Amino acid sequence: KTMTKKLNDGTEMPILGLGTWQSKPKEVEEAVYHAICKTGYRHIDAAQIYGNQDEVGTGVNRALQDSGLKREDLWVTSKIWMVDFAPEDVGPAVDRIL
């Protein structure tokens, strides 16, 4: 069972997450897949600035297809970069991440 922390809105967030910062190209997809399918991770930590969001997404999608999990079974954390903190820049930055 995944240990979680209940947030103020009642959402349960998995405490332990796989970090993808400084993951090597061509390896992060497999690391994400392995973490979800083989070791039971339900939280993936990513960010646009890491430059590997496509591979992270591919790993998540493969894991969902092969594991029978649904997207709502996973918690994916991402971040916007400092240059996108202006109110008018937040929406477009989030759209790029998603």
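## A walk from the sheet to the charged pairs

Start with the strands: three of them make an open sheet, ordered β3-β4-β5, with parallel pairing. Before going on, know that this is a predicted model, in which local features need pLDDT of at least 70 and side-chain atom pairs count only at pLDDT 80 or more, while totals for chains, interfaces and linings use all residues. Residues are numbered from 1 along each chain as its sequence is written, and side-chain values use heavy atoms, with hydrogens and water left out.

A note on the labels: helices (H or I, at least four residues) and strands (E, at least two) are DSSP runs numbered from the N terminus, and two strands pair if DSSP finds at least two bridges between them.

Stop 1: Select β3 (18-19) and β5, the edge strands, each of which pairs on one side only. Now look across from β3 to β4: the two run parallel and are joined by two bridges. Pick L18 and you'll find I44 of β4 standing opposite.

Stop 2: As a rule, nonpolar side chains in soluble globular proteins tend to be buried together.

Zoom in on V56 next. Leaving aside residues up to four places away in sequence, V56 touches T20, V28, V32, I44 and A46, where contact means heavy atoms within 4.5 Å.

**Stop 3: R62 and its partners.** The structure holds four salt bridges, each a side-chain nitrogen of Lys or Arg within 4 Å of a carboxyl oxygen of Asp or Glu. Select R62 and E29: they form one of these, with the closest N and O atoms 3.1 Å apart. R62 sits in helix α2 (residues 53-67) and E29 in helix α1 (residues 28-37), so here's a link between distant parts of the chain, 33 residues apart. R62 counts as partly exposed at 26% relative accessibility, and E29 also counts as partly exposed, at 22%.

Stay on R62 and show Y33. R62 lies over the face of that ring, 4.0 Å from its centre; the rule asks for NZ of Lys or CZ of Arg within 6 Å of the ring centre and within 35 degrees of the ring normal.

**Stop 4: two more bridges.** Jump to K79 and D45, a salt bridge with its closest N and O atoms 2.9 Å apart. K79 is in the loop between β5 (75-77) and α3 (87-97) and D45 is in strand β4 (residues 43-45), so the pair ties together parts 34 residues apart in sequence. K79 is partly exposed at 32% relative accessibility.

Then select D84 and R96, whose side chains meet in a salt bridge (2.9 Å, N to O). D84 lies in the loop between β5 and α3, and R96 in helix α3, twelve residues apart. Is D84 buried or exposed? D84 counts as buried, at 10% relative accessibility, whereas R96 is partly exposed at 43%.

**Last stop: K38.** Find K38 in the loop between α1 and β4. K38 is exposed, with a relative accessible area of 57%.

Key
Buried means under 20% relative accessible area, exposed over 50%, partly exposed in between (1.4 Å probe, protein chains only).
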